[in-house]
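The notes follow in the order in which I checked things.

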Amino acid sequence: MKFGVVISEGPYTHEAADTAYHFVKAAIAKGHEVPRVFFYHDGVNVSTRLSVPPQDERHIQNNWTALAKEHDIDLVVCIAAAQRRGLLDQNEAERQGKDANNIAEGFRISGLGQLIEMGIQTDRLVMFGD
Amino acid sequence: MPDVKKFLYVNRKAPYGTIYALESLEVVLIGAAFEQDVSLAFLDDGVFQLTKGQNTEGIGVKNFSPTFRALGDYEVTKLFVERESLEERGLTEADLQEITYEDEDDDWAEKPSIRVVSRAEMAEIMADQDVVLSF
Amino acid sequence: MSTLHTVNKSPFATNSLTSCLNHCREGDAVLMIEDGVYGGLSGTAVAEQVAAKAGSVSIYVLRPDADARGLAQERMLEGIEGVDYAGFVDLAAAHDRTQAWL
């Protein structure tokens, strides 16, 4: 079965990104597919590569990057939500005249259409938020 | 898998205090281009999103309530509002904006988009969907 | 056709659990996750409301979240079943749709 996953709250403040991570790992372990995870609202903050949590804490962004690489998961960050919150990839940073970009490996910025498309193309959509 | 899925956007939060209502509306507008069977549900504090007379000048935030009136142009014509949620909050349908659409199957007659439904009817609507997005 | 409802808030903080219970239908399942697990405790102000639904609706609690909060399964209302993340996946697959009461 194909699962689509939405994460709509930021890392560390909310448990959503953690619960979603465990859910996706468990789904894949059971032989299901998770083709895409969509990050919306403050969930886009998971995608910053500038996060530096204390060493004895989980690294939420690294965990997602590694999981996506291992299982070929499309990690999509909503462009409108990301731009509001200061998350830019290289293209967007150049286009907006900003001096830095901060999107981590494995994540890509795209439109809300990717969320709808995920809803159409998967068998179940599961949302994690606040 | 059906070609057209039933999408329900569930709105349970009030506007302005948090961004959920606005960003929900942004998904609805983008999603309209996908020509799915779209409904919006307003219950709990979500009913406050549709009230008349919102004036955000004093808080310096964009008033997005007029956008609801444009939904008909995007062929988003089913806005289900829960009666019990209105009553619990001291509201009636008269406190809500008038939102209409032009029915192309009925000689473009103007019809109300808001349909006030009971809690039990809302539960039925929720149970009739393929995809439920919560905001 | 049935729905898996997820509730991730404490019933003492928001009305998410109450609203979920008011809208779920016979044959549905409710899974309490994150702070939602407090809704499964026995002897609380909402226990009666949860127990009243437990007949027609299956109620589950995500054990890793309950364990994290020091809530042993014995503290949960009778009839509430504990599941792990794999069980969460099974529930999502077994029901036709998932609705998150955010």
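Chain C against chain B came first. In this predicted model, I found 12 residues of chain C in contact with 11 residues of chain B. I then looked up which elements of chain C supply that side. Helix H1 (16-23) and strand S5 (97-101) of chain C each give at least two residues to it. The largest share, 4 residues, comes from S5(C). By residue class, I noted 4 nonpolar, 6 polar and 2 charged on the side of chain C that touches chain B.

Next I turned to chain C against chain A. Here 12 residues of chain C are in contact with 17 residues of chain A. Helix H4 (85-94) and S5 of chain C are the elements that provide two or more residues to this side of chain C. H4(C) gives the most, with 6 residues. The side of chain C that touches chain A divides into 9 nonpolar, 1 polar and 2 charged residues.

I moved on to helix H1 of chain B, residues 20-31. H1(B) has 12 residues and reaches 16 Å from its first C-alpha to its last, close to the 16 Å expected at 1.5 Å a residue. Which residues of H1(B) are buried? I listed B:Tyr20, B:Ala21, B:Glu23, B:Ser24, B:Leu25, B:Val27, B:Val28 and B:Gly31.

The last item was helix H2 of chain A, residues 60-71. I checked its length: 12 residues at 1.5 Å a residue should span 16 Å, and the end C-alpha atoms of H2(A) are 17 Å apart, which agrees. The buried residues of H2(A) are A:Gln61, A:Trp64 and A:Ala68. I asked why these residues count as being on the same side of H2(A). They do so because they cover an arc of only 65° around the axis. As background, I noted that an α-helix has 3.6 residues a turn, so residues three or four places apart point the same way. A:Lys69 and A:Glu70 are exposed on the other side of H2(A). Helix H1 (16-29) and strand S3 (74-78) of chain A are included in what covers the buried residues of H2(A). Just after H2(A), I noted that A:Asp72 takes a positive phi of about 55°.

Key:
Residues are numbered from 1 along each chain as its sequence is written. Chains are lettered from A and ligands numbered from 1 in the order in which they are written. This is a predicted model: local features need pLDDT of at least 70, side-chain atom pairs count only at pLDDT 80 or more; totals for chains, interfaces and linings use all residues. Two residues are in contact if their C-beta atoms, placed from the backbone, lie within 7 Å. Ala, Val, Leu, Ile, Met, Phe, Trp, Tyr, Cys and Pro count as nonpolar, Asp, Glu, Lys and Arg as charged, and the others, Gly among them, as polar. The expected span of a helix is 1.5 Å times one less than its number of residues. A residue is buried if 20 or more other C-beta atoms lie within 10 Å of its own, exposed if 12 or fewer, and partly exposed in between; C-beta atoms are placed from the backbone. The arc is that of the directions from the helix axis to the C-beta atoms.
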